[in-house]
Amino acid sequence: MGADAIEGLLDESRTFPPPPEFQANALVTGAEIYDDANADFEGFWAREAAQLDWSREWDTILDWQPPHAKWFVGGQLNVAHNCLDRHVEAGHGEQVAYHWEGEPGDTRTITYQQLLDDVQRTANALKELGVGKGDRVAIYLPMIPELPTIMLACARIGAIHSVVFAGFSSAALRDRINDSSCKLLVTADGSWRRGNVFPLKDNADEALAETDSIEHVLVVRRTENDVAMTEGRDVWWHELVPGQSTECPPEPMDAEDLLYLLYTSGTTGKPKGIMHTTGGYLTQVAFTHRYVFDLEPDTDVYWCAADIGWVTGHSYIVYGPLANRATSVMYEGTPNHPAEDRFWEIVEKYGVTQLYTAPTAIRSFMKWGDEHPARHDLSSLRLLGTVGEPINPEAWMWYREQIGGGRCPIVDTWWQTETGAIMIAPLPGATTTKPGSATFPLPGISATIYDDRGNEVGVPGGGYLVLDRPWPSMLRGIWGDEQRFADTYWSRFGGGIYFAGDGAKRDTDGYFWLLGRVDDVMNVSGHRISTTEVESALVSHPSVAEAAVVGRADAQTGQAIAAFVTPRGNVEGDEALAKELREHVAKMISPIAKPASLLFTADLPKTRSGKIMRRLLKDIAEDKELGDTTTLADAGVVDTIKGRYLDQP
Ligand code: ATP
Ligand code: MG
């Protein structure tokens, strides 16, 4: 093991080859595609790019001057054309693009032809509001059809969208608008939140009081609450858009023109405006969406249950699925409104074939109990996906059995806002999976593991995950902050090596296991231990639904492990169970990983995208002032835990 590498302690030996029934109709069933891509990765990506419509052929596949990559240089294309016109021209105008399901139960069915018409009308409305190529448009909308519509309308005319998650505060919106001087804001009167109206427009107005770049606000009517409209600035969508012409020719864009900015969620600090461009991005999201989800556009009903406010929604609700002519489900609400079986009701109603969600959701479903999915016919499902955090093997098994009926392959997909598209994941018809492993880098992608000094860690072994070759959908920069771009991702190891900020290990078979953020790695008596493995050991106990661990300062061992545990369904957390769980961890992985303290809690502090915020738990465990809490989904959770933590004997 190299210098300060991360120790891999958890040993997971269950394996799941692709089910024969799945494999019989799968797009990829063998390893040739990996060999192909390895032989010539630029040629591989060029062949994938050629699946799209280009109005001008590129001159150079890749221009790589670390840390700056340009893909398909000289080529021109339009993203909206590739997502819409192309399919309508090929005779698929009547195919459903989105089955949209509103939170209150209202629905809309939108075909490719309708979406194309709506996008052209909206693009003309943008022009009327003075928005043109290169202008930034802030979008602060709930999960309604107008959201993909406005994104595609921007793409059609070459405006750069910056979507801000509708659950974010006015301060978050203000900062994002100001950072990139957005000219237009698109919002709604309100959004539905478990039957209540969240006043989106009021929030937007608050943000606008401290911004001066916005010229107009385009407002969608959704919840019909009263809102103030500022004369000359604010315009109703339903008054401006429907009357526009459905003719708006797509603007030819350079492959390297900006498509969008997306600010990372801020799990760790001040959000960064991640820049994504046109040609390489669309190439990789289309490729990964098709192959990782084994998409069959004529028969599948695909559902990515993320919010479009996150990169997962950009790449796998909007751009990837539309580029591939998928029929998708889009859902406005939460998984437990009006009841804890809403997801399963939707799967049954639309005959969903692929479901893509996050470990945090899966652990909630486990906590709520098996009876909710059991009430519904989920037999249409043929593949399950997960993204956002490492998935604990036990949550993976639960997903496989309770949702997938034991028959669906699971694709655990590792990627980031910065990577734009999936990087490490199985190909479901070809890869034997292991619960909790994202398996291997996709064809055309190269990833490896370094130790602290930048030496490659052999197999088996753990350390820092790096990407040692450029990829088409990689970020092109951080808006307005070249230095931070270089420092954050490229200076750790130098030489064009991308530092992902995540720990990982490879087992003896070369499988990748993500170990959580390197900032969260614990150091106990000189052993560098990942949070993920200790959490997974806890979750493997039948009484546990979810767990978070942190290393708190300890005079004796450097750090000691503090665990926060959410019991399953009707289990009561008591002293006896705490003792049992600590022993369980010692047995499952090692006595050095045994939590020094363990607190039961009904909830864990999470970001609005559902990720556990360990740094706040660490502050609690060390009895420090809490760090930045602005991206917390529910501030009450930390207060409760803090109070109870101090009460502990
Ligand atoms: P910020 O960078 O602002 O702190 P963030 O990292 O939470 O925010 P995202 O880009 O949405 O924002 O998340 C990417 C991160 O999520 C990865 O770096 C990794 O830590 C985690 N992640 C995503 N998918 C997986 C996965 N399949 N397995 C393990 N970890 C994952
Ligand atoms: Mg990140």
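Tutor: Two strands pair if DSSP finds at least two bridges between them; strands (E, at least two residues) and helices (H or I, at least four residues) are DSSP runs, numbered from the N terminus. Residues count from 1 along each chain as its sequence is written, and chains are lettered from A and ligands numbered from 1 in the order in which they are written. You're looking at a predicted model, where local features need pLDDT of at least 70, side-chain atom pairs count only at pLDDT 80 or more, and totals for chains, interfaces and linings use all residues; side-chain values use heavy atoms, leaving out hydrogens and water.

Student: So in what order do the strands of the open sheet run?

Tutor: Strands of a sheet pair through backbone hydrogen bonds, either parallel or antiparallel. Here 8 strands line up as β12-β11-β8-β6-β7-β14-β15-β23, with mixed pairing. At the edges sit β12 (234-236) and β23 (477-478), each pairing on one side only.

Student: In which sense do β14 and β15 pair?

Tutor: Antiparallel: β14 (residues 258-263) and β15 (residues 273-277) share 5 bridges. One to find on screen is Y260, whose bridge partner in β15 is H276.

Student: Which strands does α11 touch?

Tutor: β7 (160-163) and β14. Contact means heavy atoms within 4.5 Å. The direction of α11 makes about 140° with that of β14; angles run from 0 to 180 degrees between N-to-C directions, using lines fitted to C-alpha atoms, for helices over the stretch in contact. Helix α7 (residues 170-179) lies across β6 (136-140), β8 (184-188) and β14, at about 170° to β6.

Student: How do I read a helix pair, say the axes of α6 and α11?

Tutor: Two packed helices are described by the angle between their axes and the distance between the axes. For α6 (residues 146-157) and α11 (residues 311-323), the axes come within 11 Å and cross at roughly 60°, so the two are oblique to each other. Under 35 degrees is roughly parallel, over 145 roughly antiparallel, 65 to 115 roughly perpendicular, and the rest oblique.

Student: Which residues of α6 and α11 meet?

Tutor: P148, M151, L152 and A155 in α6 face H314, V318, Y319 and L322 in α11. By class that's 7 nonpolar, 1 polar and no charged residues. Ala, Val, Leu, Ile, Met, Phe, Trp, Tyr, Cys and Pro count as nonpolar, Asp, Glu, Lys and Arg as charged, and the others, Gly among them, as polar.

Student: And at what angle do α3 and α10 cross?

Tutor: Roughly 85°, with the axes of α3 (residues 41-49) and α10 (residues 279-292) coming within 9 Å. That makes α3 roughly perpendicular to α10. F44, W45, E48 and A49 of α3 touch T283, Q284, F287 and Y291 of α10, giving 5 nonpolar, 2 polar and 1 charged residues.
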